[in-house]
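This report walks through one structure for a reader who has not seen it before.

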Amino acid sequence: MSKTGSVIVTGGASGIGLAVVEDLLKEGWRVVAADLAPGAIARAREAFTAYGDQVRFAEVDISEETAVADLVATTDDTFGPLWGVVNSAGIAKDVPALETSVEMFRKILDVNLVGTFLVAREAAKVMKAHGGGSIVNIASVSGMRGNMGRAAYGSSKGGVLTLTKILAVEFAAYGIRVNGVAPGPIETPLVKEVHTKEAREAWMRTVPLRRYAQPREVSGAIAFLLDETKSSFVTGETICVDGGFASGGLLPS
Ligand code: NAD
């Protein structure tokens with residue numbers, strides 16, 4: 001399908017999702033930025049006024065099954081056949097396992113893993129009817145490594161990595177590709193809230209490129225995975241956009 005199709009970006013009003021929305025609009029996609037935060041949605045709406053009716057905004061909690069089904073159906077029925085989904089909505093806490101409450105653990109799994117599953121499942125139902133599509137899940141290098149303080153968050157992202165492979169296998173028969181992007185440290189509102197001075201120093205010591213990235217440095221990999229003309233044989237894959245973190249080990253001092 002060409003860029004006449006629509007793309008839903010969850011978490012599209014902030015950080016990585018916001019950068020993805022901007023990139024996709026520039027590339028000519030019709031984009032729905034779906035997010036939970038009304039203030040962030042209002043700011044994004046203001047920022048993208050120049051794109052007119054090429055962009056829509058939806059206030060949705062991705063962990064709510066009915067709301068997700070409505071989002072997908074409305075987009076597909078009224079905005080152009082749904083071609084793509086970017087699952088960027090997520091929450092994080094950096095807390096030692098011994099201080100992690102079961103409520104916090106469940107909440108993080110509910111948004112990051114169950115929410116990603118719900119959006120992918122509902123999207124795949126309509127993509128299947130159209131004969132194809134592309135789903136990109138934003139995981140994290142914290143789902144690949146035993147990063148301290150990430151019992152809940154890292155577990156949720158490890159689940160996203162495995163879910164990505166399973167859905168790629170199951171949806172391949174319908175022409176739907178499912179891939180992931182695993183960012184390292186990216187300067188977003190989420191990171192500004194979660195990363196302490198000590199955490200920043202630890203990342204700087206362990207990322208070979210020795211810096212945090214900007215959100216737009218992640219969105220190119222996501223746009224590539226959405227675009228059938230560029231990545232038609234890529235599925236079940238997760239691309240790390242992490243300054244070399246996941247490949248690293250002992251680093252020069
Ligand atoms: P962010 O906080 O800037 O953006 C996340 C957006 O998701 C917010 O606008 C928030 O309102 C929205 N959101 C949260 N819960 C939601 C829900 N239940 N329903 C709908 N929207 C919801 O954060 P970000 O750094 O841009 O993170 C985007 C994704 O990238 C997340 O999945 C995050 O885990 C992942 N990630 C970020 C980093 C990083 O360093 N920033 C690293 C690895 C992975």
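## Packing around Ile222

Leaving aside neighbours within four places in sequence, Ile222 is in contact with Ile16, Val20, Val86, Val136, Ile138 and Val181. The model is a predicted one, and the contacts described here are computed from it.

Ile222 is one of the residues with the most contacts inside the largest nonpolar core, a group of 31 residues. Val9, Val21, Leu24, Val86 and Val181 are also named among those with the most contacts there. Several elements each supply at least two residues of this core: the strands S1 (6–10), S2 (30–35), S3 (55–59), S4 (82–87) and S5 (133–138), together with the helices H1, H2 (38–47) and H8 (216–226). H8 gives the most, with six residues. Apart from this core lies another, of 28 residues, which includes Leu82, Ala89, Leu163 and Ala168. In soluble globular proteins, nonpolar side chains tend to be buried together.

## Helix H1

Helix H1 covers residues 15–27, and its 13 residues should span 18 Å at 1.5 Å a residue. The C-alpha atoms at its ends are 19 Å apart, which agrees with that expectation. Its buried residues are Gly15, Ile16, Gly17, Ala19, Val20, Val21, Leu24 and Leu25. Two of these, Ile16 and Val20, are in contact with Ile222, while Val21 and Leu24 are listed among the residues with the most contacts in the largest core. After H1 comes Gly28, which has a positive phi, near 100°.

## Charged pairs

Side chains of opposite charge can pair when their charged atoms come close. A search of the whole structure finds eleven salt bridges, and the table gives some of them.

| Salt bridge | Closest N to O distance |
|---|---|
| Glu122 and Lys125 | 2.9 Å |
| Lys230 and Asp227 | 3.8 Å |

Lys230 is exposed, with a relative accessible area of 52%, whereas Asp227 is buried at 5%. Elsewhere, salt bridges that share partners join Glu65, Arg121, Glu122 and Lys125 into one network.

How far apart are Glu122 and Lys125 along helix H4? They are three residues apart in this helix, which runs over residues 102–130, so about one helical turn separates them. Glu122 is buried, with a relative accessible area of 11%, and Lys125 is partly exposed at 49%.

Lys197 and Glu201 are both in helix H7 (residues 197–206); being four residues apart, they too are separated by about one helical turn. Lys197 counts as exposed because its relative accessibility is 59%, over the 50% cut-off. Glu201, at 38%, is partly exposed. An α-helix has 3.6 residues a turn, so residues three or four places apart point the same way.

## Around the ligand

The ligand is surrounded by 28 residues, and the closest are Ser14, Ile16, Asp35, Tyr153 and Thr188. Ile16 is also one of the buried residues of H1.

Which parts of Val60 and Asp61 lie by nitrogen atoms of the ligand? For Val60 it is a backbone N or O atom, 3.4 Å from a ligand nitrogen. For Asp61 it is a polar side-chain atom, 2.9 Å from a ligand nitrogen. Gly184 has a backbone N or O atom 3.2 Å from an oxygen atom of the ligand.

Key: Residues numbered from 1 in each chain as written. Predicted model: local features only at pLDDT ≥ 70, side-chain atom pairs only at ≥ 80, totals over all residues. Heavy atoms only, no water. Expected span 1.5 Å × (residues − 1). Buried < 20%, exposed > 50% of the residue type's maximum accessible area, 1.4 Å probe, protein only. Core = buried A, V, L, I, M, F, W, Y, C linked by side-chain atoms within 4.5 Å. Contact = heavy atoms within 4.5 Å. Salt bridge = Lys/Arg side-chain N within 4 Å of Asp/Glu carboxyl O. Near = heavy atom within 4 Å. Polar contact = N/O pair within 3.5 Å; in protein donor to acceptor, adjacent residues only side chain to side chain.
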